[in-house]
Each structure stands twice: as C-alpha cells, then as structure tokens.
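Subject: Structure handover

Hi,

Here is the structure I promised to pass on. My notes follow below it.

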Amino acid sequence: ANERDTEPPSGRLVSPEPDSTINFDPGSVIVQWSDDVELDTSTFDSSDVTISGVTVDSIEVLTDGRVRYRYGDDVDQLADGLITVTLSAGEVTDTSANPNGPQTASFTFELPDTTGPVGQLVDPVSASTITNDPGSVTIRWTDFDSGVDPISYGIGDIMIPGVTIAAFDVLPSGDVQYSYSGQLAEGLVTVTLVAGQVSDSAGNVNVQQDDSFTLAIPDTTPPMGGLTSPAPDATVTVDGGSIVVTWTDDKSGIDANTFDSSDVTISGVDVDRIEVLTSGQVRYFYADDGDTLDEGLVTVGLVENQVADLAGNTNVAAAFSFTYEIPDTTPPTGELVSPTPGSTVESDPGSIRVRWLDNQSGVDPSSYGIEDVLIDGVTVDRITDLGGGLVEYIYGEGDAYVEGSIDVTLVAGEISDRAGNANAEQTSGFTFAIPDTTPPTGQLIQPESGSTVD
C-alpha cells in the first residue's frame, strides 16, 4: 500500500545568499522551494515571504521550485543594514496539501562608503565677525558612513592667508583646534580645508572647502547708491512715475531710517514721496503731483550727506542718467518737389522727385521702391536715392506725358519710418503743356493765287 505524504515543503533563500553582504539593491530575492514528493506550484504568491523594510509586489516562477519575489515594482528600496527574509508559515503547500512551516534567513545590505569626510569651521563661527585675533581656529570634521580616521589629522589640514599653522590639538568634543603663528590681516579671513588631508575609515579623503570669518576694522567707508531702474544710460519709452536707487554699505550696513525724499534729485520733476523696498532699494515717486519727464536726457543726482550707514558715515554725491524717448507713432509723409505742385511744365523731364519726411525716428531708406508713386500716363522704371529723404522716380524709358493735368499719387503703405510706421496716401500734381512753336502762315485770296487780271 502507498504511504500517506505528511512531510511539509520547505524553502531556502538562495539569492542573495544567506549571511552574505551585498552592496547593490537587486530589487528581488529568490527562494528555492522543495518537497519530498511534489510542490503545488499554484500556491506560490506574493504573500509567501516578507522582506524587512519593503513590500513584495509580484512573483516570477522560475524552474525547479525557484521563485523570484520582486519588491522594487513600486520603487521600494532596501535600507542599509541587516535584511531579514521570512518564509511565512502556511503559504506554500505540496500536492498532499501539507503547508510549509516558518523559516527565516538574512543578509546584509551595505552601500559602499564613497564619500569623504567634510569639515566645518566652528570657532570662530563661520561668517561671523570677531574683533580680536584668536590665535587658532577650530574645525569639526564629520563622516556619516565609516567615520573620520583621527590618525589622518595634521598641521597640513588647513591654510589661512598670512599665518602659518604651527600645531593641532584634538579637543574632548572631537573637534580639532589648529594654532597658528603670525597675525591675521584685518578684514575677511578665509580658512581653506586642504583637499586630500583628512580621510575616513574607508580611505576616502576630503575635498577642498573654503570657509571664512571677518576680523572687524572700524567702518569709515560711506554708503553708496546706484540707479537701478531705469538702468543707467538706458533709453526708456514709458514714463514710469518713479525711479529706484539701490543703497549699499559693505561694512556696518545702511541705516534705513535716513531714507527720505530729499535723497535724490531728478531733472525736470520733484520727488513727492518714497517707498522703502528690500535689499537697500528705495523707490522715489515724482508723478503724484502730475509731474512728467521731459523728453531727452534725464539726470538723477544723489544728494551728498543724505543717507547714512549704521556707523554714521554719510553718502557722497553721485549722478546717473537715462534717456526718455516718446514712442514714434507718426507715419512718414512725402511731398512732390519737382515738378513743383500746381506748376506748369513745357518739357517732359523723364522723372519726378519726392522728398520723404519723418520728424521722429526718421525715414527708412530701405523701404524706397518703384511702387512708392503712381504718375498719370507713365510707369516708374527705377529710382535714385539722392539722400536726405529725396528720391528721384524715373519713368522715361519709352513713356511720355499726355498733355494736360498730371496727378502724382504717393501710394499708402509703401514708405516706412524706422519705428515701422507706414505712410498714408497723398496726391498732388502739375500741368504738362507742350509749347506752341509753329509760326503763323498767310494765303493770297484776292486776286486769287494763280489768276490773270486785266
């Protein structure tokens, strides 16, 4: 008789190998399931196993009882450290319905330490201002992976301009104090952490870093102002009703309480009020009382001794300028100059002359062409730009005037100025009269010519 199958199936983690250490995230694990008779592969699913820190999303049944359990489909990633894989009891059965028992295995996931240690200036505090030369600086070296190797500390770790690093001392806090010989120069003091001097336990070394503090000197420098809007030397076509000046002071900083409408002058207008903006910028309004800029050069003067810094220094006088131009919206115009409008000419000159005018941006000579004008009875064949807006339109190649009134039409849209405005239609004319050059004649009528009289 056949013996009844009572042996449950079992599983074994095969990838990654149990108790191994890996340094990349594979996105899945592989379990080898086995049974002394036969596995029921229909019982494989994502609940068969749990993996610490991630969720199994899908499975792939491979061959010979191997199953891949994927956890990376929803972008889950392993956490650095020990990873436990648990084969959940009762999830996988054999063909006799015997369920598996619980099993665990583990491996270690370690991201390789490729980051070098970093240093931070802690005394004097980075970006601080001090008033005395301390004789040393203190650096806090940190490394969040394998840790800083204290054996790598040395006097070559840092450089400070103008002094020589003479000794170092590891403080109880773990910070490193570097003493120097010589005296610091007043002003900004840069502390350079020299690349390649300090390493971590994995052998990675630090990169160069620059940090700084300020050794204060008395502030004797006045604040300065600069025209920000409109930009100096710019050309604007809109009267904005205000200007913006940026006030700066490189030492103690600007005293914003000293801003007022008397700080600046603007040619042709009066400052009515101010608005203090950010970062030392002040807007000066001049249009509250209806003032407008005059077209042309506008000068902005910074009035001496009006703005102070926190040390009491006041500004010096300065001047800036910009140009205000009213936009050109007027089209160019033309006038017939030869023949004179309304005149009478007795000989056909073979051409006419038109002077094109524009009082703002000026006529664009590139817009001249044979289609600029229409002349009764003839066709313009070519033109000559005579300069100064004067253009000769030549039609004499086979054409001739018909005696009588000759209209000259300046065709709309053919001539433009440099602002893109195009001309409107204009018409003028002259009279062409061929002079009478035939002499009078006489005829004998009595006696009749050729007759005989007694």
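In which loop does Asp270 lie? Asp270 is in the loop between strand 20 (264-266) and strand 21 (273-276); strands here are DSSP runs of E, at least two residues, numbered from the N terminus.

Before the rest, some ground rules. This is a predicted model, where local features need pLDDT of at least 70 and side-chain atom pairs count only at pLDDT 80 or more, while totals for chains, interfaces and linings use all residues. Residues are numbered from 1 along each chain as its sequence is written, and side-chain values use heavy atoms, with hydrogens and water left out.

Back to Asp270: leaving aside neighbours within four places in sequence, Asp270 is in contact (heavy atoms within 4.5 Å) with Phe285, Tyr286 and Asp291. Asp288 sits 18 residues away in sequence, and the C-alpha atoms of Asp270 and Asp288 are 9.5 Å apart.

Then there's an open sheet of four strands, ordered 9-11-14-13 with antiparallel pairing (a pair needs at least two DSSP bridges). Strand 9 (118-123) and strand 13 (164-170) are the edges, each pairing on one side only. Strand 13 is joined to strand 14 (residues 176-181) by six bridges, and the two run antiparallel. Across that pairing, Thr164 stands opposite Ser181 in strand 14.

Last one: Ser20, in the loop between strand 1 (10-15) and strand 2 (21-22). Ser20 counts as buried because its relative accessibility is 18%, and buried means under 20% relative accessible area (1.4 Å probe, protein chains only). Not counting residues up to four places away in sequence, Ser20 touches Ser106, Phe107 and Thr108.

Cheers

Methods
Buried < 20%, exposed > 50% of the residue type's maximum accessible area, 1.4 Å probe, protein only.
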